[in-house]
Amino acid sequence: MSSGDPLTQLTVTILGAGTIGASWAALFLSHGAKVAVYDPNENALLKITTYLEQAWKDLATLTQGLSELPWENLTLTQNLKLACQDADWVQENSPDRLEIKHKLLSDLEDVLAKDIPIASSTTALMASDIQAHMTHPERFLVGHPFNPPHLIPLVEVVAGKKTDPDLPQRAKAFYESFGKEVVIPKREATGHIANRLNAALYREVVHMVATGIATVEDIDRAMVHGPGLRWAFLGPNLVYHLGGGDGGYPHYLDHLGPSQEARWKDLGEAELNGETKEKLIKGLMETLGDTSMSKLKDKRDAALIGLLKLKKDLERPPT
């Protein structure tokens, strides 16, 4: 980054040094911004350096010309006031419990200038519920990433009832400046967009395992070697548009819509009771063998990097 790059003038304050906060830190640092990470837990702050070193290797593989990790641009602190003193943007990543977020935001507003935006990485909570007791709720919205944020482009920007109407577009521009792909739901809903889709799919996964339709292993294999390949490049609506042949989406809905409705009627309700959870865990453990969590994460991130590079190559105009 050159000294004239506007991102080098930004300071992003990250609240929470867990996996999501650490990944956000890697992303922001990689674009030249200064980053201040606050966490009341000293051990969490100590662990973030190890995470950043690995994340930087991932980003260096994905991004040509990335320099050495700029430790001088990173501040780690248990002092909330210190973390916020130069903030241009706040990314909150505390546990997804309203009482925790309410307390943190109350403390935050005591030390943060009233015009600084606050975005929450919440997975499922409503922006309106989180901002309900804020002194300046107009500067709050949801900026929900997908794990790990330094690799997966998606950010869902969701306004609450008291959010400044102009803030979602401002947030969109902010995240896009860091290379993110931003979607803005038309209204609030539990799980936003992507996790509602995940939840719908996973409900049927649980139903199939619970009722003996398929094993955990075969369900995952079916997804990885079938629909998952298409979904990395095509949304579900476009998949069916192509599935309609020359007639496209209208033909698909008219002629194959009834078969969709028949499948919907056969989809099951799912309950994560003790027996079902035992089946799910046992089935997954049998497929993993002695593979460690760290090896699984390394394999996931390597695959994501390869896929992202392929997508970039495919998006380049032909020469």
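Visitor: Why is R203 called partly exposed?

Guide: This is a predicted model, in which local features need pLDDT of at least 70 and side-chain atom pairs count only at pLDDT 80 or more, while totals for chains, interfaces and linings use all residues. Residues are numbered from 1 along each chain as its sequence is written, and side-chain values use heavy atoms, with hydrogens and water left out. R203 has a relative accessible area of 41%, and because buried means under 20%, exposed over 50% and partly exposed in between (1.4 Å probe, protein chains only), R203 is placed in the middle class.

Visitor: What makes the pair of E269 and R203 a salt bridge?

Guide: A salt bridge requires a side-chain nitrogen of Lys or Arg within 4 Å of a carboxyl oxygen of Asp or Glu, and the closest N and O atoms of E269 and R203 are 3.8 Å apart, so the pair meets the rule. This pair joins distant parts of the chain, with R203 in helix α7 and E269 in the loop between α12 (257-266) and α13 (274-288), 66 residues apart, where helices (H or I, at least four residues) and strands (E, at least two) are DSSP runs numbered from the N terminus. E269, at 66% relative accessibility, counts as exposed.

Visitor: Are R139 and E109 buried or exposed?

Guide: R139 is buried, because its relative accessible area is 5%, and E109, at 14%, counts as buried too.

Visitor: How do you know that E176 and K172 lie about one turn of helix apart?

Guide: E176 and K172 both belong to helix α6 (residues 167-176) and are four residues apart, which is about one turn of the helix. Their side chains meet in a salt bridge at 2.7 Å, N to O. E176 is partly exposed at 38%, and K172 is likewise partly exposed at 23%.

Visitor: Why are α2 and α14 called roughly parallel to each other?

Guide: Two packed helices are described by the angle between their axes and the distance between the axes. Here axes are lines fitted to C-alpha atoms, for helices over the stretch in contact, and angles run from 0 to 180 degrees between N-to-C directions. The axes of α2 (residues 42-62) and α14 come within 10 Å and cross at roughly 25 degrees. Angles under 35 degrees count as roughly parallel, over 145 as roughly antiparallel, 65 to 115 as roughly perpendicular and the rest as oblique, so α2 and α14 are roughly parallel.

Visitor: What makes F233, L307, L310 and L314 a nonpolar patch?

Guide: A patch is made of residues with over 30% relative accessible area and no salt bridge, like charges being joined within 9 Å and nonpolar side chains (Val, Leu, Ile, Met, Phe, Trp, Tyr) within 5 Å. F233, L307, L310 and L314 form such a patch, with about 350 Å² of accessible area together, areas coming from the Shrake-Rupley method with a 1.4 Å probe and only the protein chains shown counting as cover for residues. L307, in helix α14 (residues 293-315), has a relative accessible area of 31% and is therefore partly exposed.

Visitor: Which phi value does H192 have?

Guide: Most residues other than glycine have a negative phi, and most peptide bonds are trans. The phi of H192 is near 60 degrees, a positive value in a residue other than glycine. H192 lies in the loop between β8 (181-183) and α7 (194-210) and is buried, because its relative accessible area is 6%.

Visitor: How do you know that the peptide bond from N147 to P148 is cis?

Guide: Its omega is near 0 degrees, and P148 lies in the loop between β6 (140-145) and β7 (154-159).
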